[in-house]
Amino acid sequence: MVDEHLSGSRASGAVESLGWRFLLGSLAATVAVPSLRSGLDVADAAARACAADADEHLRIDVRGDRVELVLRPRTTGRVLGHDVVLAQRISESVSALGFDIASPRRGGAGRVVQAMEIAIDTEDVTVIRPFWKAVLAYVDDPGSGDPNAIVDPVGQGPAVWFQHMDEPRPQRNRIHLDISVPHDEADRRIRDALEAGGTMISDAAARAFWVLADAEGNEVCVCTWQDRD
């Protein structure tokens, strides 16, 4: 299993009890901390837990109130069984410091883990894709091999992907956000959005994604890994 690419359901099931969640081909977790100094200690513990695999698999974002941890092989872009092992090691190391992976139910340090993509509707991907690569200084996604996706080479900005349109839709917004959330967070996120004035445009593809819109018709998809395997 260690070198095997895992499906979304297998990856999610393997780490859910640890507090980690599967998002966009990655394992993600948050550790709530009281200070930046503590955050750096958690980051150090996580890197040490991964040892020689840290550079290839681990991405860390340290803030004064939380540490965001992401496990995903840089070269393949798909979660391996070994990433599950690394998640277990990190969780143990974090616990030894007196911290825990934040509960997704509580939202941890401010909110649950999530990942954002920007989707652009287009009649011809080949025409506009080079522009977006150039203006954002993005590159082809090395892991997925998806010709419709581009990513930030340093992993800071959201991924951009291009969705083919069969015909022009001039009255419809052409760019929308995709928010990927843990599978057990989606219902709450959608409920909160609807209560905040949003509208459900379509749930035909649920549980892979739901299409919502604000009061002026600007759209966003709330996505999970479910029903994608």
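Predicted model: local features only at pLDDT ≥ 70, side-chain atom pairs only at ≥ 80, totals over all residues.
Strands of a sheet pair through backbone hydrogen bonds, either parallel or antiparallel. Here, four strands make up an open sheet, lined up as β1-β2-β4-β3, and their pairing is antiparallel. At the edges sit β1 and β3, and each of them pairs on one side only. Neighbouring strands of the sheet are turned against each other by 25° on average, if you ignore direction.

Now zoom in on one end of that order, where β3 and β4 form a hairpin with three residues between them. Strand β3 covers residues 58-62 and β4 covers residues 66-71, and the two are joined in the antiparallel sense over five bridges. You can pick out individual partners too: D61 has E68 in β4 as its bridge partner, while I60 stands opposite L69 in β4.

What about the helices? Helix α1 packs on the sheet, where it touches β1 and β2. Helix α4, on the other hand, lies across β2, β3 and β4.

| Helix | Residues | Strands involved | Angle |
|---|---|---|---|
| α1 | residues 8-15 | β1 and β2 | about 150° with β1 |
| α4 | residues 81-96 | β2, β3 and β4 | about 160° to β4 |

Definitions and conventions:
Residues numbered from 1 in each chain as written. Heavy atoms only, no water. Pairing = 2+ DSSP bridges. Axes fitted to C-alpha atoms, helices over the stretch in contact; angles between N-to-C directions. Contact = heavy atoms within 4.5 Å.
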